[in-house]
Amino acid sequence: MSSAPEPLSAINVSGESLWLIEPRRDGVIDKLRELWRYRYLWWYFAADALKAMYRRTKLGWIWLVIRVTAPVGISALIFGGVLGIASDGPPYFLFFSCGMTTWILFERSLLVVTRSLERNRKLITKVYFPRLILPLSAVAPGLLYLAILLIVIFFTVIYYRRYEGLWYITLRPELLAAVAAILLTLVFTVSVGLWTSVLQARYPDVRQGIRYFMPFWMYFTPIIYPLTIIPEQWRWLIGLNPMASIVEMFKWGTLGYGHLHPTSMTISFAMIGLTLISGIWFFNREEASSIDKL
Amino acid sequence: MHSLVVEGISKRYLVPRPLKSQRTETRLERLRSFFSIPLARELLGAQEVWALRDVSFEVERGTVLGVIGGNGAGKTTLLKVISKVIAPTAGRIRGHGRVVSLLELGAGFDDEATARENIFMNAAINGIPRSIAAERFSDIVDFADIQNFVDTPVMYFSSGMYLRLAFSVAINMQPSILLADEILAVGDLEFQERCLQKVRDLARETGLTVLFVSHDMEAVSRICNRVIWIKDGQLHRSGEPEDVVTEYQNAAWEMLTSGEKPEAKGSSHAGRYGEIVDVKLLSADGREIGSPPKWEDVYVRIRFRTYRAKTQARCGVDLFCKGVLVLRSAQPDLIWVIPEMVYEALVKIPASLLSETNYTINVGVTLTRAEREEHALVVNRALTFMVYGADAKDASAGKHRMGVIDPTLEWSLEKKADVVRA
């Protein structure tokens with residue numbers, strides 16, 4: 001009954017790659033190369049993360065719009081309308097929305113990125129693929145929120161042109177700074193997420209912590225108030241919060257009202273770089289052992 | 001040429017040390033565990049658990065390697081290490097080509113996505129570009145036999161369809177090494193057969209190497225070229241399928257029955273009504289023997305007695321081989337027995353009936369009083385013996401497949417004269 005194997009020399013093995021599994025981890029360069037080989041997978045995880053946002057709801061994508069516009073609208077009404085916080089020039093709603101754009105990308109993405117390993121537990125304990133894809137593709141929902149908010153801002157600008165006759169945002173080279181701010185947000189989110197996603201796999205407390213910590217972080221970021229309310233000599237300190245610099249950069253690029261302080265910018269960039277490098281190192285080091293704990 | 005070389009693989013897990021006892025039955029204990037000091041578990045440190053310890057083996061190209069062993073022996077951990085899902089603690093593995101794993105039914109599947117989407121998703125997980133997946137698409141659908149359900153979300157699939165799709169996707173990913181963990185348990189017989197056939201064909205034609213984890217010993221001995229037996233995380237045995245499987249089955253059967261003491265539930269050799277005094281294996285001339293030769297009659301003698309008057313008795317035996325109930329035989333009539341006398345029942349197992357392998361016998365005596373009052377005395381595993389053949393040194397015994405019995409049957413071959421010649 002047993003089937004005799006063919007003579008082995010008759011089998012063509014050319015074109016087959018040799019591989020090796022060892023307890024030692026692959027280097028970061030190998031990991032990144034592998035990540036590229038698996039690039040087809042990014043979209044699947046991104047699409048999955050998007051679908052998870054309104055899975056089983058009847059309103060579907062309309063929920064996404066509500067989840068962005070409702071909090072932004074209500075907050076703008078309370079802070080600008082009821083409390084009368086000054087905006088340093090532009091209409092408060094526009095000022096607040098522009099501040100929220102990069103923040104919403106950061107805040108919403110970070111939560112999804114943090115849970116990315118945990119949420120795909122079933123998959124990563126059964127099938128191999130570069131795990132780095134998970135935190136990377138988990139920024140998709142945040143990007144969608146960002147896109148919705150940008151559309152809202154676009155129509156707001158049109159509205160003010162119509163009723164006040166003023167273009168608050170115009171097409172000018174400074175807009176590139178806003179684009180850079182968005183890219184920096186993505187880098188920073190993933191960098192922080194590399195730490196939190198691995199930690200979340202071991203200590204589910206991480207997500208709870210982030211949820212409660214985020215509103216405070218937002219208050220330390222010049223979103224509801226302009227940076228000018230901070231005394232001039234202390235203003236550079238805000239650079240310790242990279243999101244503050246990013247938010248200011250976006251407002252400067254769009255509304256032209258931001259305050260780009262060289263010292264704080266440098267501090268922020270350094271911190272983003274540091275988070276990124278340490279995040280990649282940490283993720284690469286702890287990835288395997290955290291999967292054991294999932 | 002080796003397709004896979006596993007060298008001294010070990011895997012250690014660190015599991016949290018349990019807090020005092022894990023007993024949380026009472027409400028108070030449950031409450032206490034709820035309010036236990038946070039992080040206390042963490043501070044206690046972790047306990048080492050070795051799922052695999054120094055496992056080494058080599059697999060040639062085109063081999064179907066069976067991996068057997070009890071639950072929790074480390075079979076799945078081994079496959080997970082080979083598929084890179086978990087990192088080994090020590091050792092290394094060298095291999096050729098793409099490894100595709102079927103570790104769990106529908107692991108890479110999204111229930112809410114359609115079969116079509118899942119096929120592309122799985123291809124992506126295996127690092128296969130969409131264009132190549134599209135080329136193989138019709139093959140996958142055809143083998144899975146789901147032509148009419150390509151655009152149906154897989155959560156509406158029956159478990160059989162699910163399995164067919166998962167298996168079909170896996171073998172169409174051009175694997176050089178296929179890791180299959182207990183996946184065929186769900187499918188119907190026809191599909192199981194088709195899968196096994198396909199695995200064997202691919203192994204022969206394309207040099208596919210298969211690691212086949214299964215508890216279906218019949219399938220393992222049929223399709224595997226070699227079998228390894230993992231026990232407590234270690235490589236226990238490795239060799240020809242028939243040898244390893246037989247040894248494994250015997251060991252499993254012994255494990256199952258050795259824990260049972262005569263007093264244990266369901267196995268009571270003595271009771272209020274009587275007792276089984278002893279059970280022996282006898283040769284034709286009445287000698288007590290340990291293992292009978294195949295060519296001689298052998299007797300099972302059951303000695304029992306009753307404590308009660310007006311009792312009828314009936315003896316019976318169950319003969320097991322590799323955990324299979326080969327036969328059950330009982331004395332045809334009830335006989336009257338009187339108290340304080342020892343009775344002896346003899347049952348003959350004729351020569352040339354048993355196969356050259358291990359057997360176990362359970363013995364039962366039913367005592368019946370006044371029609372309805374029935375009491376059973378049972379001795380599980382009363383006898384364990386091995387039947388030996390004409391040439392005990394004949395190494396081929398066990399090499400070729402044998403049934404659980406091996407009776408001498410009558411054959412005839414005649415030349416028929418009335419066949420018309422062409």
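Two strands pair if DSSP finds at least two bridges between them. That rule is a handy way into this predicted model, where one such pairing crosses from one chain to the other. Strand β1(A) and strand β4 of chain B (residues 90-96) run antiparallel and are joined by 4 bridges.

**Where the chains meet**

On one side are 32 residues of chain A, and they are in contact with 39 residues of chain B. Several elements of chain A each supply at least two residues to the side that touches chain B: β1 (18-21), α2 (40-54), α5 (121-124) and α11 (262-293). Sorted by class, this side of chain A has 20 nonpolar, 4 polar and 8 charged residues.

**Chain B as a whole**

Chain B contains 9 helices and 17 strands. Of its 422 residues, 36% count as buried. Among contacts in chain B with a separation of 6 or more, 73% come from residues 24 or more positions apart.

In soluble globular proteins, nonpolar side chains tend to be buried together. Here the largest nonpolar core has 136 residues, and the members that touch the most other members are Ala166(B), Leu179(B), Val210(B) and Phe212(B). The largest share of this core comes from helix α4 of chain A (residues 92-119), with 14 residues. A second, separate core has 27 residues, including Ile276(B), Ala313(B), Val337(B) and Ile361(B).

What does Phe212(B) touch, leaving out residues up to four places away in sequence? The list holds Val64(B), Leu65(B), Gly66(B) and Val67(B), along with Ala180(B), Val220(B), Ile223(B) and Cys224(B).

Which residues of α7(B) are buried? They are Cys195(B), Val199(B) and Ala203(B). These three lie on the same side of α7(B) because they cover an arc of only 65° around the axis. They pack against β3 (64-68), α6 (159-171), β7 (209-213) and α8 (217-223) of chain B. The face turned away from the buried side carries the exposed residues Leu189(B), Glu190(B), Gln197(B), Asp201(B) and Glu205(B). Just after the helix, Gly207(B) takes a positive phi of about 75°.

**The partners of β12(B)**

Finally, have a look at strand β12 of chain B (residues 311-321), which pairs in the antiparallel sense with β14(B), with β16(B) and with β13(B). The table gives the bridges for each pairing, and an example from each follows below.

| Partner of β12(B) | Residues | Bridges |
|---|---|---|
| β14(B) | 335-337 | 3 bridges |
| β16(B) | 358-369 | 10 bridges |
| β13(B) | 324-330 | 6 bridges |

Gln312(B) has Trp336(B) as its bridge partner in β14(B). Val317(B) stands opposite Val363(B) in β16(B). For Leu319(B), the bridge partner in β13(B) is Leu327(B). With 2 residues between them, β12(B) and β13(B) form a hairpin, and in the turn Lys322(B) has a positive phi of about 50°.

Terms used
Residues are numbered from 1 along each chain as its sequence is written. Chains are lettered from A and ligands numbered from 1 in the order in which they are written. This is a predicted model: local features need pLDDT of at least 70, side-chain atom pairs count only at pLDDT 80 or more; totals for chains, interfaces and linings use all residues. A residue is buried if 20 or more other C-beta atoms lie within 10 Å of its own, exposed if 12 or fewer, and partly exposed in between; C-beta atoms are placed from the backbone. The arc is that of the directions from the helix axis to the C-beta atoms. Two residues are in contact if their C-beta atoms, placed from the backbone, lie within 7 Å. Ala, Val, Leu, Ile, Met, Phe, Trp, Tyr, Cys and Pro count as nonpolar, Asp, Glu, Lys and Arg as charged, and the others, Gly among them, as polar. A nonpolar core is a set of buried Ala, Val, Leu, Ile, Met, Phe, Trp, Tyr and Cys residues joined through C-beta atoms within 7 Å.
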